[in-house]
Number of protein chains: 4
Amino acid sequence: MSENDDFSLLMDTKRLETLVDGIFAIAMTLLVLGLAVPQIAPPVTEATLQAAILGIVPNLISMVVSFVLLAVFWKIHHKIFKRIKYMNGTLLWINVIWLLFIVLVPFSASLTGDYGNLYTSHLIFNLNMLGISTLLFLNWHYANKTNLIHEKVGKKYIDVTWRVNAGYIIVVLAAMVLTFIIPQFSSIVYLITIPMEYIVKSISGV
Amino acid sequence: MSENDDFSLLMDTKRLETLVDGIFAIAMTLLVLGLAVPQIAPPVTEATLQAAILGIVPNLISMVVSFVLLAVFWKIHHKIFKRIKYMNGTLLWINVIWLLFIVLVPFSASLTGDYGNLYTSHLIFNLNMLGISTLLFLNWHYANKTNLIHEKVGKKYIDVTWRVNAGYIIVVLAAMVLTFIIPQFSSIVYLITIPMEYIVKSISGV
Amino acid sequence: MSENDDFSLLMDTKRLETLVDGIFAIAMTLLVLGLAVPQIAPPVTEATLQAAILGIVPNLISMVVSFVLLAVFWKIHHKIFKRIKYMNGTLLWINVIWLLFIVLVPFSASLTGDYGNLYTSHLIFNLNMLGISTLLFLNWHYANKTNLIHEKVGKKYIDVTWRVNAGYIIVVLAAMVLTFIIPQFSSIVYLITIPMEYIVKSISGV
Amino acid sequence: MSENDDFSLLMDTKRLETLVDGIFAIAMTLLVLGLAVPQIAPPVTEATLQAAILGIVPNLISMVVSFVLLAVFWKIHHKIFKRIKYMNGTLLWINVIWLLFIVLVPFSASLTGDYGNLYTSHLIFNLNMLGISTLLFLNWHYANKTNLIHEKVGKKYIDVTWRVNAGYIIVVLAAMVLTFIIPQFSSIVYLITIPMEYIVKSISGV
């Protein structure tokens, strides 16, 4: 209760982390709403049901990719916030806008599920991912610049994390280029986000 | 376990805060359901998809405004409850009704997204915001009047918070007036809620 | 880690409480999905939108009643579990089935919202509430019978809580009878659940 | 803050448990969306509403079975993670994929609710359950093999848990075989998951 009369702009980070966990859990679960149970015109047979289910396989793939990407971003955000001492208003708003892009994922995932043969849908999905990765990068960059990172975190750790976050942006940009070449398979490039941390650590020699 | 046999009406606040965090995380994420993936009549081309997506831009704007407003209210509620020692039944019910208005936001946001050219939709959105800001004000006012605020919180802090909460009500009333003049742009006035705390603090000289 | 090799059936209650908080937050927020934004056939005017919104007022009332009832049940469950030391498998399953009835509330609330002029919808809503109140009663009754209540909780407290829980069942049964007399207003009787605790305490003279 | 400069791959498990609790609470509550309020063509009478509600009884049964199964898997996952000291990247990804199958349950439950007379729907539901039970088994097996289980957990406990997890896989396989014989009643076999732990413990003589 030491800060009862505190008018300063510094806040502790625990509350934000609770909101982040809640929003990720919900966004990851809402992805399933992109998988509408097919409404089949009678007569309904095993064959028509199987055909209808095969018809939503693109939605399933889109959902799986988005689920994995959200898990990757959730994990890296947690790792970052374990090392941030406290927040100011700017850092809070960087994270609120970041969460806004997270919340948009079920929408853009549904879009690529429904219209995966058109590059417009992939462009929107990739713009969504660009928002997420850019704000994640800004988050760490700003926290470092304004001394909000815990003093025990070493310079090497800060640098490697900076590169990991930059790496996500590069992956998104690569996916964007691929969208115009092979729209339906451009999301494959996102698989590299899974081992990203280990790749960057290896290159950095830690 | 000191209060096992306690028939008093005082409750600790931690449980309510967990419910508040959960409801905010869900309401903020449910906003995305206001962004239905457009169902396009064939033939589906890049051009028709792009046109359909442009058609939901008003829903996106409505969603972003609501998301930011919910983040503002979530933050101020947390700050307030950090300074409230315990609750009685009345304070609990003020907060339950407040949460009811929070839960209504995805509905009224969808309404302005779909019918943003009509002042009726903005009126309902603004009535929703009026409920939220009035109950937030009542919450602090009642807690102060009935000595539920922690004794270490200074009079100056109580006054400034009182003014910040009154400020939100004034912003909503301003938005209501603007609804009848420029319905489609009335929500712009809500942007002032973001720096509200800092403005009030500056005016109050703290 | 004292129970690492423990094959006993006793569990601590904290995990269940986290699940309960999560499910209540979501069920209370999902109630808003019962308020579908009206799809109006063109021409859309202020008058047709206002008429369409008036048309969902029954859904709003149904939603508000359900929201308040869920808040009442959430509060009483928390108070009860603060006094329960640990769980066995039976108590866990009483609570899982209780949560199943909680999860059904958004469905039965939508039903009374859409078909409030028919007693069938109210009967289903009331059966849902009967399930909730009966299992809440069973929960405390069983915990008491099998000595799972904390030993510091006095006999008087146990008795009063027993009566409060029985009171909820009586209210539901009263609503059920009213359904056949005044279907559209039968839910009014539920308002008595809000001061129920205080009424029972007053009658019991504590 | 001892691991601030830690580039090792070991993580603590608490964060994952929060995500798991959130996702289970949401998936269990989203099951209710499989119970769409019937849209009845006028004239709407008590008889047509009752007929429409009887028409969604298969969806209700499907929802109840899925709710109970999710509760069983939630409980066993918690018991397991109480005994796991920390995670590495592989264990995290086993759990992320496990959560992906959890999130799919509202979809496959809706499918069996809508098309319960066709074995295709049950096959998909059972494949979903096979994914859940296999990854749960892998989780414990891998944690044991790589010494991530707390050292105080005895060999007997590890063996019994291994058998319980194998038991779930056997139940799913039994349900799959039954699907081809009695599709509409194959899910009854899942009721055995409720006392599974106690059965395996009895057979193992602990």
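Modeller: Two residues are in contact if their C-beta atoms, placed from the backbone, lie within 7 Å. This is a predicted model: local features need pLDDT of at least 70, side-chain atom pairs count only at pLDDT 80 or more, and totals for chains, interfaces and linings use all residues. Residues are numbered from 1 along each chain as its sequence is written, while chains are lettered from A and ligands numbered from 1 in the order in which they are written.

Colleague: How many residues of chain B are in contact with chain A?

Modeller: On chain B, 29 residues, in contact with 27 residues of chain A.

Colleague: Which helices of chain B supply that side?

Modeller: α1, α2 (46–55) and α3 (57–81) of chain B each supply at least two residues. α1(B) gives the most, with seven residues. Helices here are DSSP runs (H or I, at least four residues), as are strands (E, at least two), numbered from the N terminus.

Colleague: And what classes of residue are on that side of chain B?

Modeller: The side touching chain A has 18 nonpolar, six polar and five charged residues. Ala, Val, Leu, Ile, Met, Phe, Trp, Tyr, Cys and Pro count as nonpolar, Asp, Glu, Lys and Arg as charged, and the others, Gly among them, as polar.

Colleague: Now the other side. How many residues does chain B have in contact with chain C?

Modeller: There, 27 residues of chain B meet 30 residues of chain C. α1 (14–30), α4 (89–114) and α5 (119–145) of chain B each supply at least two of the residues on that side. The largest share, nine residues, comes from α4(B). By class, this side of chain B has 18 nonpolar, six polar and three charged residues.

Colleague: What rotation superposes chain B on chain A?

Modeller: One of 90°, with 0.0 Å of shift along its axis and an RMSD of 0.0 Å. That is the relation of a four-fold axis.

Colleague: Why do the copies of A and B meet through different surfaces?

Modeller: Because only 7% of the interface residues of chain B are also interface residues in chain A.

Colleague: How far apart are the closest C-alpha atoms of chain A and chain C?

Modeller: 9 Å, and no contact joins those two chains. Chain B and chain D do not touch either, with their nearest C-alpha atoms 9 Å apart.

Conventions:
Copies are superposed by least squares on the C-alpha atoms of residues with pLDDT of at least 70 in both.
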